[in-house]
Amino acid sequence: IVGRNGSGKSNFFDAIQFALLAPKFQSLRQEERQRLLHEGTGSDILTAFVEIIFDNSDGRLPIDGDKVVLRRTIGVKKDEFFINRKKVSKQEISSMLESAGFSKSNPYYIVQQGKVSALTMM
């Protein structure tokens with residue numbers, strides 16, 4: 001993804017990482033939740049969500065269907081997780097992602113700005 005400075009590229013990647021349970025979004029404190037919910041929106045917002053739709057026509061995800069909808073909702077006090085509109089646990093999301101190759105121990109499925117050089121110099 002390319003774009004001008006300030007166009008939201010980092011926010012886009014943060015949203016994807018949030019939904020995919022990246023370590024920096026695993027355990028959010030109250031202040032961090034408030035910041036995510038109210039950044040630029042005022043204090044009236046009580047929930048927000050990120051939804052990712054995966055093409056599962058190859059059956060890589062252990063879910064029936066050609067399309068899998070993963071949704072993570074953040075609230076003031078807790079998060080909720082959904083697969084194809086069905087409420088599931090965080091562990092179920094984690095297991096599904098691990099089975100498809102989204103590994104927490106090797107999180108290089110998203111390479112952010114500035115990391116390409118670091119990876120090539122390893």
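This is a predicted model: local features need pLDDT of at least 70, side-chain atom pairs count only at pLDDT 80 or more; totals for chains, interfaces and linings use all residues.

Reply: Happy to! A word on terms before we start: two strands count as paired if DSSP finds at least two bridges between them. With that in mind, strand β2 (residues 67-75) and strand β3 (residues 79-83) pair in the antiparallel sense, with five bridges between them. One of the contacts you can look up is that of Ile74, whose bridge partner in β3 is Asp79.

Now for the whole sheet. This is an open sheet of four strands, in the order β1-β2-β3-β4, and the pairing is antiparallel. At the edges are β1 (47-55) and β4 (86-88), each of which pairs on one side only. On average, neighbouring strands of the sheet are turned by 25° against each other, ignoring direction.

Two helices pack on this sheet. Helix α1 (residues 9-19) touches β1, β2 and β3, and its direction makes about 80° with that of β1. Helix α3 (residues 90-99) touches β2, β3 and β4, and its direction makes about 45° with that of β3.

Strand β1 and helix α1 also turn up in the largest pocket: along with α2 (30-38), they each supply at least two residues of its lining. That pocket has a volume of about 410 Å³. Its lining comprises 16 residues, and those nearest the centre are Asp14, Phe25, Arg35, Leu36 and Leu37.

How values were computed: Residues are numbered from 1 along each chain as its sequence is written. Side-chain values use heavy atoms; hydrogens and water are left out. Axes are lines fitted to C-alpha atoms, for helices over the stretch in contact, and angles run from 0 to 180 degrees between N-to-C directions. Contact means heavy atoms within 4.5 Å. On a 1 Å grid over the protein atoms alone, a cavity is a set of points where a 1.4 Å probe fits but cannot get out, and a pocket is an open set with protein on both sides within 12 Å along at least five of seven lines; lining residues have an atom within 4 Å of a point. Grid points are joined across faces, edges and corners, and a volume is the space filled by probe spheres set on the points.
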